[in-house]
Amino acid sequence: MSAVDAKIVRTMCPMNCHPTFCGMQVEVEGGRLKSLSGDKDNPDSAGFLCVRGRATAEIFGNSKRLLYPQIRDDRRTDTWRRVSWDEALDFMAKRMRSAGPEAVGLWAGHGGFTAGSAMTVQLMQRFANMYGCQNWHPAMVCWGLGGFGVGLSGALKVNTKEDMAENSRMIVLWGANIASQPNTARYIVAARRRGAKVVAIDVRRTEAAAQSDEALLIRPGSDAALALAVMHVIVTEKLYDAAFVEAHTVGFEELSSHVLPFTPAWAATQTGLEEGQIASFARAYASTRPAMILLGGSSMHKSANGWNAARAISCLPALTGNFGIAGGGLGPRHGAHSATLRNLNAGMARPPGNYVPDQMPDIAKALSDGRLKVLLLLGTNMLSSFADAGQISHGLDKTDLVVCVDLFMNETARRFADVVLPGTAWLEELGFKVTNTHLYLMERALEREGETRPIHEILKSLAESVGVADFFPWASMEEVIDAILNDATTGHATVGSLRAAGGFLPLNVSAIAYADRKFDSPSGKIEFSSPQAARVGLPPLPVHSDNQASPYPLSLSFGRTLTHFHAFYDEGQALPSLAKHNVAPQLLISPVDAEARQVANGDAIRIYNERGEFAAKACVTGDVKPGVVWMRDGWVGLNHLTSGGAVLSGDALSLFHFSVGQSDYGARVEIARRQASP
Ligand SMILES: Nc1nc2c(c(=O)[nH]1)N[C@H]1C(S)=C(S)[C@@H](COP(=O)(O)OP(=O)(O)OC[C@H]3O[C@@H](n4cnc5c(=O)[nH]c(N)nc54)[C@H](O)[C@@H]3O)O[C@H]1N2
Ligand SMILES: Nc1nc2c(c(=O)[nH]1)N[C@H]1C(S)=C(S)[C@@H](COP(=O)(O)OP(=O)(O)OC[C@H]3O[C@@H](n4cnc5c(=O)[nH]c(N)nc54)[C@H](O)[C@@H]3O)O[C@H]1N2
Ligand code: SF4
Ligand SMILES: [Mo]
């Protein structure tokens, strides 16, 4: 092999464990991947690459990888025929034309965002706007409800992990765990070494709890109650920062009387904590300055009460004057971005039409009613990611055409696709990612394997086939990226300037969010009392809603483990190093609940409720409290149990551009031991 054939390329890991994005270096020889490792020079990850990041080397040359387009003529069979791209695209265009634009839906998941999300999201929206088809906001399955809550208060931005390590004296990991943001971990450790106190508030004893001085285990969905009681203590004991409250908040008087009934004794009944624990946590938070809250990104906001939690918690740094100071405010979380990216579609009006809102039950209904006939799924295993998957399955069954673009077969494709298209992997594309502090170029390192194609090329070809002119007026993706990056926060970076800088550049943003005390609300202040909430029919002040009564006794909750990224790579099974760690779904259950059902550790169980059932193994552990069961997401079948009910509706759905709808992923369940089959 000649030296000219060998190169080292700097890029980023394809998974989006935001706020953790890890740098990667790949060694390429003779056009093939030779090795892959963490990038020591990456200022965010400093060489770290977790087991999933390392496992991505197994994507290339993998016998399970999709390498050419396939069509099947009968969904009831597993008989696929290899076709050319032209035939696949023709097949799709014909059915799209006969359905008409409004009966076509476009939806992308993280598989579409592996080389960065902005390009795919913006091109998908552009296609939908120009063609007049259905398209929904990606935050709908993810951080939509949490974003809505912090959005009402006006607290979207976060301080950096570096600021936390250097300056925070108290860190509250509120529904945040390090398995989902490993790069935060060493900054927590550094802060602790400096003497900072760390408190974890979670529904299970997590990896983060092991790094904390105190762990408060609460009932799923009871965070808003806890936050209201913390406010009660702060207000009644006059622990608030009067000057900050006076200058930078709206509605303190109303809030003060509103929180009076929400005593620690009341919150104890909601959360399962002791009254004294709640009061002492409130006093510690209010009297330690600076104190930073790392608010969970999405798992704690998954149920109907999730946005109330985000809203109530985001009031706390304002009451205590923690916003806008080093070591204070809110800390790194999924969904909080520092850089501003340009929207290629700004000013582009959607043609008038009958659009299905960003709301899962509406999408399920449109599928079932035949209003939505064609679904193009770009890097998503929809049966795994959508709540109430039973309704989604019912709807998918009624469609005329389902297309899946993926690296591997996935369960949605197996059950419902008519066409599967082989996607390129991130090393075969040009892309970029942004963290809270840096902008990173992702250089193309490899030739495309087989006949794989990137999503933007698929959209471009489809646009031509269905007659959408001017969809892609750029000469290359490099131009698209340059246009998106053209903002002061990136220093107007370009692919060229990133290359010249060696692959990454610092962002032009402060490590301390809201240092200017100008908040993201209509008044520019933190809105305890929110006129815009009132306008869309929501309570003007933060509230807590009780869990709805259910005959099923156990609350099902979720989160991530270090060894899975949602349902990536056919639920982990296509990559040997991940398959080893993800053998079967496991449900964490307390010894008390297990014993009451005569279930032992490792037993095969059924988890069930009024919507469906799901098979798993019991993991009996003191890490969850009685009444609570916990499973990582990303197993197809899990969402057969979740509600899928609409949480926000009407004008509230479109109040913010960054957060939309999202339905209720809450579930109450019962479990039973499965009899061994004869
Ligand atoms: N019950 C429950 N449900 C949840 C959650 C939960 O906590 N609990 N979490 C929710 C959240 S936060 C999210 S973000 C969603 C995630 O939902 P999605 O983002 O839709 O993720 P996946 O379902 O894993 O589907 C991604 C697919 O992309 C494929 N893929 C991987 N790399 C590539 C690539 O380079 N190109 C292409 N074309 N495809 C690729 C993967 O193999 C996989 O099949 O799930 C949500 N669903
Ligand atoms: N390893 C890994 N990392 C990931 C991902 C992945 O699939 N795998 N996905 C990425 C994506 S798309 C997202 S959206 C983020 C999610 O970001 P987060 O939601 O911040 O991360 P999770 O680890 O899912 O959840 C954090 C903690 O919330 C706890 N939790 C669940 N319900 C409640 C509740 O009601 N109250 C409280 N207080 N805590 C609760 C969970 O037990 C968990 O320990 O993670 C990202 N990072
Ligand atoms: S934590 Fe792992 S999967 Fe996530 S970005 Fe880093 S290396 Fe990739
Ligand atoms: Mo997510």
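Begin by selecting ligand 3, whose shell divides by class into nine nonpolar, two polar and one charged residues (Ala, Val, Leu, Ile, Met, Phe, Trp, Tyr, Cys and Pro count as nonpolar, Asp, Glu, Lys and Arg as charged, and the others, Gly among them, as polar). The residues that surround ligand 3 are C13, M15, C17, T20, F21, C22, L49, C50, R52, G53, P182 and F565, where a residue is near a molecule if its C-beta atom, placed from the backbone, lies within 6 Å of it.

Before moving on, note that this is a predicted model, in which local features need pLDDT of at least 70 and side-chain atom pairs count only at pLDDT 80 or more, while totals for chains, interfaces and linings use all residues. Residues are numbered from 1 along each chain as its sequence is written, and chains are lettered from A and ligands numbered from 1 in the order in which they are written.

Next, select ligand 2 and the 32 residues around it, of which G175, S180, G297, S299 and G559 come nearest. The shell around ligand 2 holds 14 nonpolar, 14 polar and four charged residues. Why does ligand 2 lie between domain 2 and domain 3? Domain 2 (145-334) and domain 3 (554-673) both give residues to its shell, so ligand 2 lies between them; the domain bounds come from an automatic or database domain assignment. Strands β9 (197-202) and β20 (554-559) each supply at least two residues of this shell, and β20 gives the most, with three residues. Helices (H or I, at least four residues) and strands (E, at least two) are DSSP runs, numbered from the N terminus.

Five bridges join β8 to β9, and the two strands run parallel; two strands pair if DSSP finds at least two bridges between them. To see one such bridge, pick I171, whose partner in β9 is V198.

From β8 (170-174), go to helix α12 (residues 306-313), as the buried residues of α12 pack against β8 and also against α4 (144-153), α7 (223-236), β12 (291-295) and α13 (316-319), with contact defined as C-beta atoms, placed from the backbone, that lie within 7 Å. Eight of the eight residues of α12 are buried, among them W307, N308 and R311.

Ligand 1 is the next stop, with 35 residues surrounding it, the closest being G109, G111, S385, G423 and H566.

Four bridges join β16 to β17 (residues 438-442), and the bridge partner of G431 in β17 is M442.

Finish at L587, found in strand β21 (residues 586-589). Is L587 buried or exposed? With 25 C-beta neighbours inside 10 Å, L587 counts as buried. Not counting residues up to four places away in sequence, L587 touches I605, I607, A616, A618, C619, V629, M631 and I671. For a distance label, L587 and G30 are 45 Å apart in space, C-alpha to C-alpha, and 557 residues apart in sequence.

Key:
A residue is buried if 20 or more other C-beta atoms lie within 10 Å of its own, exposed if 12 or fewer, and partly exposed in between; C-beta atoms are placed from the backbone. Two residues are in contact if their C-beta atoms, placed from the backbone, lie within 7 Å.
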